[in-house]
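Here are a few notes to read alongside the model. Keep the 3D view open and find each piece as you go.

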Amino acid sequence: MTRLFYKPLLLMGLLLPGTTALAQTKTAAPTATNASIEQRVAALLAQMTLEEKVGQLNQYSGREVTGPASDRKNTLLTSISSGKVGSMLNVKGVKDTREIQAEALKSRLKIPLLFSLDVIHGYQTTFPIPLGEAASWDLDAIRLGAHVAAKEAAASGIHWTFAPMVDIGRDPRWGRVMEGAGEDTYLGSLIAKARVLGFQGEKLGGTDAVLACAKHFAAYGAPIGGRDYNAVDLSPQQLWETYLPPFKAAADAGVATFMNSFNALNGIPATGNSYLQRDILKGQWQYPGFVVSDWASIAELVNWGYATDKKEAAQQAITAGSDMDMESDTYSQNLAQLVKDGKVKMDLVDDAVRRILHKKFELGLFEDPYRFSDEKREKQVLADPQNRAAARQMAQKSMVLLKNEKATLPLTKQLRSIALIGPIAKAKRDLNGSWTVDTDTTRITSLYDGLRQRAGKTTQLLYAKGCAVEGDSRAGFDQAVATAQKADIVVMAVGEGWNMSGEAKSRTDIHLPGVQEELFKALRATGKPVAVVVFGGRPLIFDAIADQADAVLFAWWPGSEGGTALADVLYGDYNPAGKLPITFPRNVGQIPIAYNQQYNTGRPLIKVSETRYRSAYIDAPATPRYAFGHGLSYTSFKYSDFKISRSQLKAGETVQVSFTLTNTGKVIGEEIAQLYLRDPVASVVRPLKELKDFRKISLKPGESKTITFPIDKDKLAFYNSKLEWVAEPGKFNLMVGSASDDIRLEGTVDLLP
């Protein structure tokens, strides 16, 4: 079914940016070269007063501007028309963006505004949350999802999205893991590139693309205690090896902007961190785009105790490399005077303004400030059924089959009745999850709706809510049990509510909330087979379900077409192929438990039963509940014929690691074969496993394919204690498998001096 479903998307022209079919429908980008843009920027900059320059560095939220008249609205409109605002966020739709842009064109130099919005996983059509998309390990599908989001946003007057979030997230207590690509640097870097290209296309300026923003720079995903906005304390080696590579991948992909992060890094708040912004980003990486602060983070330098007041905060931020001030008024109130007082060099202001103006020219806004505000295009794009088709496909690919005893799934046509039970069975808003633009629930397909449509007239679909997501009421248990007793099988829908993961949603307890597991135990006691669908924005702990359920499908928050996609997966119209991009712990006490944070130690655990004076727990296994890379299928796969082209590797050479993958089951399926590496002896202790490559392969029953992974010196390299990128001579272990804890084939290669 994978190919059958994907083919219509190809025929409808919804291909990746840069492909032939899409190029035929794509609006031509402005033809001005970078050189000519730089000349125009320089000419405009020469005409600007200091106050007009500072104006370009200010961004404000437009929630009040597009609402009823107020003092705040009148003040903002006056600031816009006098050239004191460079960008607006939270203004969307052709009507409102045209009206506000018209105010900017009343200014002396008529410099257009940039309109920005948090388009994280869809605009009107909501895709699975980013962590769910990452579970697909499908870079083309992820890029396509970002492109659809960009196309809808751009048609509604938006120029710039605050995505992708490329932070490595290893702690599931941190609510914003839902917004990233998980715990692995290699996978996260590839996904960062795919999302940037999806949002922006191959070249800025098309009216079906938006400026992307790599956030949060840097190490926001490693807060102490998993608590949002908290400090981060990292070794330089971990910073460079784990947390910076996805940002470098985004920069190399041409991401238009960066956003700095709320955290302090080793004692220095990121917004005022010259090492991050000046030395690394704009220095070593020669990044040409601009940096925007996170919401009021420049003013928050005072809260950190890093600046005495907002004036000093402004000086620190612009000096450190923060170009645009989001919502804090710190630059607007202080920057001009700081320049006049000689505390901030004009060159720093000019550099920031130059970077921002360059993007406005690249988008073609000076030629036509309203080119992204076309009412006809807005209606056409938002009504395009291809967008929902792409969201359905992405939702299918994101789902991870964690358990499937005795082939409980897929559901069969022979079932006379299905009991759909649980607090999220009929939910709609919860399926879209956190960070959604469109909250119109009439455009969301629930699991109940999806199953009702798929089951048809031959299967009776029974329903009982049973309990709420949160709270301790068991009033609905009896009805739920009675409903289960009438059915051939129970499909249970449990999980988090949409507002339980995301920004400012850190949790010390990531167990399934409320009495949902108690309800499961009551249903389990009926003797009926129980397949559990779990919804959520992060790894969750559900011990009883993991131990006792017949099948467990993790659906994340799957988006607008989540219910339809779930029906496709539950009935086997789509064979699930997702793999976890983040480790699921057995309990909170195991955290951090990311697979690549596991080291051999001086007293390694050799036998599970022998924990005395070993690196282990005495009250629980050290292993996770579900490991990074885990995910089952309705078919089975055999790994065989492992070969390494040569046993030794010299600088400049490449070793080919090959093996045969065979579908040994009865249905077509996709497998994500993963290559891991270990450097057993090095000048810096290395993890037990590091993902270095993967392939997603579709195979028919009985079909085999040979898969080859190239290994060169760079794949063996790491940052040593001196922050040198080195590959040290010696033996390396190579491992191929279906998950980080399911290695099927192993071998070694020697790197020669």
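Predicted model: local features only at pLDDT ≥ 70, side-chain atom pairs only at ≥ 80, totals over all residues.

1. Now look at helix α20 (residues 447-455) and helix α24 (residues 562-570), which pack at an angle of about 50° with their axes 7 Å apart. The two helices are therefore oblique to each other. The crossing of α20 and α24 is right-handed.

2. Who touches whom here? On the α20 side you'll find Leu447, Gly450, Leu451 and Arg454, and they meet Gly563, Thr564, Leu566, Ala567 and Leu570 in α24. Sorted by class, that contact has 5 nonpolar, 3 polar and 1 charged residues.

3. Next pair: the axes of helix α21 (residues 477-485) and helix α22 (residues 516-524) come within 9 Å and cross at roughly 35°. This crossing is right-handed. Phe477, Ala480, Val481 and Ala484 in α21 meet Glu518, Leu519, Ala522 and Leu523 in α22. The contact is made up of 7 nonpolar residues, no polar ones and 1 charged.

4. Over to the strands: 3 of them form an open sheet, in the order β5-β6-β9, with parallel pairing. β5 (213-217) and β9 (290-292) are at the edges with a single partner strand each, so one side of each has no neighbour in the sheet. From one strand to the next, the twist averages 30°.

5. Zoom in on strand β6 (residues 257-260), which is joined to β9 by 3 bridges. Phe258 stands opposite Val291 in β9. Helix α12 (residues 274-284) packs on the sheet and touches β5, β6 and β9.

Note on methods. Residues numbered from 1 in each chain as written. Heavy atoms only, no water. Axes fitted to C-alpha atoms, helices over the stretch in contact; angles between N-to-C directions. Helix = DSSP H or I, 4+ residues; strand = E, 2+ residues; numbered from the N terminus. Left-handed = near helix turned anticlockwise from the far one by under 90°. Contact = heavy atoms within 4.5 Å. Nonpolar A, V, L, I, M, F, W, Y, C, P; charged D, E, K, R; others polar. Parallel < 35°, antiparallel > 145°, perpendicular 65-115°, else oblique. Pairing = 2+ DSSP bridges.
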